[in-house]
Amino acid sequence: MFNTINDAIWDTVLNAVKNLQSKVKEVVFYEGSEELFYENFNFYYKSLVKNFMAEDFDDKTLDRHKVAAVIICSILKTKPVGIGQEFLELCNEKEFLGNEKIAFEVALSYMYEDLSKCFAEGSVPYVSLFPRYVLPIPYSCERKYGEVICRDLYFSNQFYELSPLLLANILFCIEEYSFCFYGIKRREL
């Protein structure tokens with residue numbers, strides 16, 4: 001199961017890296033980060049299943065929000081991209097948020113792909129009403145909510161330990177916000 005998930009996720013990571021490099025030419029992709037991603041992903045995934053799922057939990061698979069949180073933690077631990085210090089000094093931002101942007105983008109992409117399976121199965125019949133995730137508008141700052149999340153990830157990763165369970169709750173709230181935005185009253189899956 002892990003390799004199938006990881007292969008699809010890693011392809012999405014590579015696409016996100018290319019997208020970032022098209023905007024910022026100085027972004028460098030680190031070869032060998034795929035293996036480290038696999039190690040981190042498997043560690044976080046198995047740790048959540050072992051330590052936080054009920055003992056009688058038969059399925060042993062995590063929901064899309066937890067998997068997306070594992071993706072974020074794994075990418076941030078792996079740090080597949082970097083940038084030269086000389087370029088960073090020329091930027092207005094003193095933090096390089098490339099890994100955080102990639103992690104958040106890949107996590108949302110994974111969640112939407114998994115939600116699309118629910119659409120196809122008919123367990124969530126809203127495919128035509130739910131074209132993408134929508135992020136709230138922060139009124140207290142000039143940044144977009146996705147940028148706020150990426151900065152939070154950056155500082156959390158710098159000064160604290162990232163919590164996959166807390167991230168999963170944030171991702172769940174983003175999904176719920178999106179359903180509300182589109183006027184969908186979701187039934188329980």
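Predicted model: local features only at pLDDT ≥ 70, side-chain atom pairs only at ≥ 80, totals over all residues.
Helices here are DSSP runs of H or I with at least four residues, strands are runs of E with at least two, and both are numbered from the N terminus.

**Entry 1: overall layout**

I started with the elements. I find seven helices and two strands in the protein. Reading from the N terminus, I get the order α-β-α-α-β-α-α-α-α.

**Entry 2: Lys-79**

Where does Lys-79 sit? I place Lys-79 in the loop between helix 3 and strand 2, the strand being 81-82. For context, most residues other than glycine have a negative phi. I looked up accessibility next and got 45% for Lys-79, so I file Lys-79 as partly exposed.

Which residues does Lys-79 touch once its neighbours within four places in sequence are set aside? I list Tyr-30, Asn-99 and Asn-157 as the contacts of Lys-79. I also checked Phe-29, which is 50 residues from Lys-79 along the chain; the two C-alpha atoms are separated by 9.1 Å.

**Entry 3: Ile-83**

I moved on to the loop between strand 2 and helix 4 (85-90), where I find Ile-83. Is Ile-83 buried or exposed? Its relative accessibility is 18%, so I count Ile-83 as buried; the cut-off for buried is under 20%. Leaving out neighbours within four places in sequence, I see Ile-83 in contact with Val-24, Glu-26, Tyr-30 and Phe-96. I note that Tyr-30 is also among the contacts I wrote down for Lys-79. Val-27 is 56 residues away from Ile-83 in sequence, yet I get 4.9 Å from C-alpha to C-alpha.

Arg-64 is in helix 3, residues 64-78. I have Arg-64 at a relative accessible area of 7%, so this arginine is buried. What does the side chain of Arg-64 pair with? I find a polar contact with the side chain of Asp-114, at 3.1 Å.

I then looked at Glu-113, which I place in helix 5 (residues 98-121). Glu-113 is partly exposed, with a relative accessible area of 48%. From Glu-113 to Arg-64 I count 49 residues in sequence, and the C-alpha atoms are 9.3 Å apart.

**Entry 4: helix 6 against helix 7**

How do the axes of helix 6 (residues 145-159) and helix 7 (residues 164-181) cross? I get roughly 180°, with the axes coming within 13 Å. The cut-off for roughly antiparallel is over 145 degrees, so I log helix 6 and helix 7 as roughly antiparallel to each other.

I looked up who meets whom. From helix 6 I have Tyr-145, Ile-149 and Leu-153, and they meet Leu-167, Ile-170 and Ile-174 of helix 7. Sorted by class, I write down six nonpolar residues for this contact, with no polar and no charged ones.

**Entry 5: Phe-179**

While I was on helix 7, I looked up Phe-179, which has its place there. I get a relative accessible area of 1%, so Phe-179 goes down as buried. Tyr-133 is 46 residues from Phe-179 along the chain, and I find their C-alpha atoms separated by 8.4 Å.

**Entry 6: cysteines**

How many disulfides are there? I looked for cysteine sulfur pairs within 2.5 Å, and my count comes to zero disulfides. I checked the accessibility of two cysteines as well. Cys-141 is partly exposed at 35% relative accessibility, and Cys-173 is partly exposed with a relative accessible area of 49%.

Definitions and conventions: Residues numbered from 1 in each chain as written. Heavy atoms only, no water. Buried < 20%, exposed > 50% of the residue type's maximum accessible area, 1.4 Å probe, protein only. Polar contact = N/O pair within 3.5 Å; in protein donor to acceptor, adjacent residues only side chain to side chain. Axes fitted to C-alpha atoms, helices over the stretch in contact; angles between N-to-C directions. Parallel < 35°, antiparallel > 145°, perpendicular 65-115°, else oblique. Contact = heavy atoms within 4.5 Å. Nonpolar A, V, L, I, M, F, W, Y, C, P; charged D, E, K, R; others polar.
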